[in-house]
Amino acid sequence: MSDERNFVGRKFVLGGIAVVVIIIYLIRLFTLQLMSDDYKKNADSNAFLKEIQYPSRGLIMDRQGRLMVYNESSYNIMVVMNEQHGIDTLDFCETMGMTKDEYIQRMLEIKARPNYSRFTPQLFKSQIPAEEFSVLREKLFRFNGFSIEKRSVRHYTTSLGAHVLGDVGEVNDKDIEEDDYYQSGDYIGKLGVERSYEKQLRGEKGMRIMLRDVHGRIKGHYQDGKYDKAPVPGQDITLSIDMDLQALAEKLLEGKLGAIVAIEPATGEVLCMASSPTYDPRQMVGRDRGKNHRLLSQDPMKPLLNRAIMGTYPPGSTFKITQALLGLQEGIITPDISFPCSHGFNFRGLHLGCHGHASPINLVPAIGTSCNAYFCWNLYRMFSNRSKFASVQDAMTCWKDHLVAMGFGYKLGIDLPGERRGMIPNAKYYDDHYNKSWNALTVISISIGQGEVTATPLQIANLAATVANRGHYYIPHVVHSIKGGQLDSVYLTPRRTNVDRRWYDYAVAGMRRAVLSGTCRAANIPGIEVCGKTGTAQNRGHDHSAFMGFAPMNDPKIAVVAYIENGGFGAVYGVPIGALIMEQYLNGKLSPESEKKLETLRNKHITYGDYVR
C-alpha cells in the first residue's frame, strides 16, 4: 500500500514538472513571437536593405541672388555590425589607411552610441575624400556589412559673412534626443542661418527598400519600388545681406574689435552684419572642422563671438535720442526749454563733464552737440517730479517701459541664434543695490548711456531705424525670402514705440544738426541728407567709438551703427565708417575721395594687448 502511495505521489510530481516545463516553453514562445522583435529584425535585415536617401540642403544667396553657400558630393562609410563579421580586418585597415587599434577603437565608439543598433547602418567614417572613396569602392565587395553612403557637404563661395551664415556639423547626442529626424552621422546647422533655418534648409529624407538573397546580394527594389520614398530637397534661402556692403564692412573692421550693422528701415531687413575679428567659413567644412573650431574657440580675441548681437556695450551718447523722446512724451521737457551747461552737469556737488559749446541750450542743438548736461537735467527732472510720479521707483518704471518699447533690455528676436538682451535697469535693481535709498543723482549716468545701461550694436542700429521711421520698427532679420515658404509673420509686423510720431521730428532734426554742424560733420555725403549721432562710451580702458545714423533724411533707405571697441571719440572711427557704409549702399560705389578714406581706415589698427572679454 505504501509503495502504491509513493508511486501515485511521484506521478503527480513528474506531471507537475512536465506542466511547468510546458508552461515555460509556451511563455518563451509567446515572448519570442509576440513580445520581442529581435528575430523579426534579424529576418528583415537579411531580406531587406533600407537605404536612406539624403536630400540636398537648400542653397543660400544674398539679396541680389548671388550664391553664397552650395553643396558638393561627399561620402560616408557605413557599417551594419550584425553583418561585418569575418572580414579581413588587416586588408580593410590597409585600404582605409588606418591601424588595427584605430579600427577597434572606432568599433567600440559605435557600440557606445545611445541609439546604437546592430541591425541598422552605423556611421564608421564621414566625409572621405574622392581618392579614398575610389580605392574603397573597388574592394568593397570583400568587406561584408560595409557600404558607402553618398552625402553632400557645404561649400562657400566667399569668405564673407561667417557669423551670419553659420556652419554645418555632425549631430550630437542632444540633437538626436531632441528630434527623431536625426540619427548618428547626420549633419545639422550649428550656427547662424544654418542653425535658425535648419528645418527649412535640411529637406526631408527619402528611403529605398532593396531585396537581398541569403548571400546578402541585392536582387532589386522591394515590390518594384512601390514603398520607396524620394527625398525632398531643402528650401533655398535668399538673405537680406548685400555681399558688396558686407565686404566693405568687413574691410573697415580689419585690425579692430567691434561690429557694423546696417538695416533697411522700411522692412527691418539686415543689409550687412559684420563682427571683428571674424573667420573664413570655409574653415568649418570637412573633417578639419572640429580642429579648426577648437582653435577658433581658444583664440582670446573670440572670433566666434558675433559682437553685433552678442556684444553688450554701453551705448554712450547714441542713447541720448531715447532720453529726448521719452522726455518729450512725458512732458518733462519741451523742444524749446533750455538747460545750462558749464562744461557739464553741476548740481549739489555732483559734476558730470561735457565738452565746450553754447549755453544754455535747447533740444535740437543739444542733440547736435551731444550735450551731457541737457540730458542729465532731463532725467533729474523726471525722477524728481512728484506731481507726476509718486516715487522715484514709479518714474524709473515709466523710464524703463519706454526703453523696452523702443527695443532695449530684451532680445529683439533676430533670426539668428545667440542674441543677448543687454541691460536696462529697473527700480528693483537699484532698490536691491542701494537698500531703497537712491534718487536721480545716484543714477544720473544712465541718462547718457553709461552706468548700468548696456545694449548690443543691433539694438542701437534698430534705434536708428526707428527714428528713421518716425516711431516704429520691424524686428531685424537676415532672411529676405524662403523658396516655397514664408517668413514668420513676426518679421512682417511693425512695432510702435510709446512715443508719439510728432516727437520723432525733433530727434531727426537734432541728428541732422549733428551732421551739418555738430559732432558728426564727417558723415556728410554730397547730395544725401544724412542724419547721425555719435557715441563715446566710457570703458575701463580706452573709450569705445560709436556712431548711428540713417539716410536719406526724408526717404530713409539705410540705418547703420558702427561700434569700435577702444576706438576713442565717436568721430574718430564710428562716424567715418558709418558714412562709408551709407555711401556705398546709396550710391552703389565709393567716390575716389572716399576710397582714400577707406584705405586710411583699413590701415589704422588698434592695439588691444592681452585681450579678454
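**Entry 1: a loop residue.** I began with Asn172, which lies in the loop between β6 (168-170) and α7 (173-178); I kept in mind that the model is a predicted one. Is Asn172 buried, exposed or partly exposed? Its relative accessibility is 37%, and because values between 20% and 50% fall in the middle class, Asn172 counts as partly exposed.

**Entry 2: a helix residue.** Next I turned to Glu132, which has its place in helix α5 (residues 130-139). With a relative accessibility of 16%, Glu132 counts as buried, because the cut-off for buried is under 20%. Leaving aside neighbours within four places in sequence, I noted that Glu132 is in contact with Met96, Lys125 and Arg287. I also looked up Phe347, which is 215 residues from Glu132 along the chain, and the C-alpha atoms of these two residues are separated by 77 Å.

**Entry 3: the nonpolar cores.** I wanted to know which residues touch the most other members of the largest nonpolar core. This core has 104 residues, and the ones that answer my question are Val193, Leu239, Met273, Phe383 and Trp399. The helix that gives the most to this core is α15 (residues 372-383), with nine residues. There is also a second, separate core, which has 36 residues and includes Leu252, Val515, Ile581 and Met582. As a general note to myself, nonpolar side chains in soluble globular proteins tend to be buried together. I then followed Met273 and, without counting residues up to four places away in sequence, found that Met273 touches a list of residues including Val164, Ile241, Ile260, Asn306, Ile414 and Leu458.

**Entry 4: helix α19.** I checked the length of helix α19 (residues 501-517), which has 17 residues and, at 1.5 Å a residue, should span 24 Å. The expected span is 1.5 Å times one less than the number of residues, and the end C-alpha atoms of α19 are 25 Å apart, which agrees. I then listed the buried residues of α19, which are Trp503, Tyr504, Ala507, Val508, Gly510, Met511, Arg512, Ala514 and Val515. For reading such a list I recalled that an α-helix has 3.6 residues a turn, so residues three or four places apart point the same way. What do the buried residues of α19 pack against? I found the helices α13 (320-329), α14 (363-369) and α18 (457-468), together with the strands β18 (531-537) and β19 (544-551).

**Entry 5: two helix pairs.** I began with α13 and α15, which pack at an angle of about 45° with their axes 10 Å apart. The crossing of α13 and α15 is left-handed, and in it Lys320, Gln323, Ala324, Leu326 and Gly327 of α13 meet Asn372, Phe375, Asn378, Leu379 and Met382 of α15.

The second pair is helix α20 (residues 574-587) and helix α21 (residues 592-602), which pack at an angle of about 135° with their axes 11 Å apart. That angle makes α20 oblique to α21, and this crossing is left-handed. Here Pro576, Ile577, Leu580 and Glu583 of α20 meet Ser594, Lys597, Leu598 and Leu601 of α21.

**Entry 6: backbone details.** I looked up two cis peptide bonds, and one of them joins Ser276 and Pro277, with omega about 5°. Pro277 lies in the loop between β12 (269-276) and α11 (289-298). Another cis peptide bond joins Ala551 and Pro552, with omega about -15°, and Pro552 lies in the loop between β19 and β20 (558-564).

I ended with positive phi angles: Lys302 has a phi of about 55° although it is not a glycine. Lys302 has its place in the loop between α11 and α12 (307-310), and with a relative accessible area of 31% Lys302 is partly exposed. Asn435 also has a positive phi, near 55°, and is a residue other than glycine. Asn435 lies in the loop between α17 (427-434) and α18, and at 68% relative accessibility Asn435 counts as exposed.

Conventions:
Residues numbered from 1 in each chain as written. Predicted model: local features only at pLDDT ≥ 70, side-chain atom pairs only at ≥ 80, totals over all residues. Heavy atoms only, no water. Helix = DSSP H or I, 4+ residues; strand = E, 2+ residues; numbered from the N terminus. Buried < 20%, exposed > 50% of the residue type's maximum accessible area, 1.4 Å probe, protein only. Contact = heavy atoms within 4.5 Å. Core = buried A, V, L, I, M, F, W, Y, C linked by side-chain atoms within 4.5 Å. Axes fitted to C-alpha atoms, helices over the stretch in contact; angles between N-to-C directions. Parallel < 35°, antiparallel > 145°, perpendicular 65-115°, else oblique. Left-handed = near helix turned anticlockwise from the far one by under 90°.
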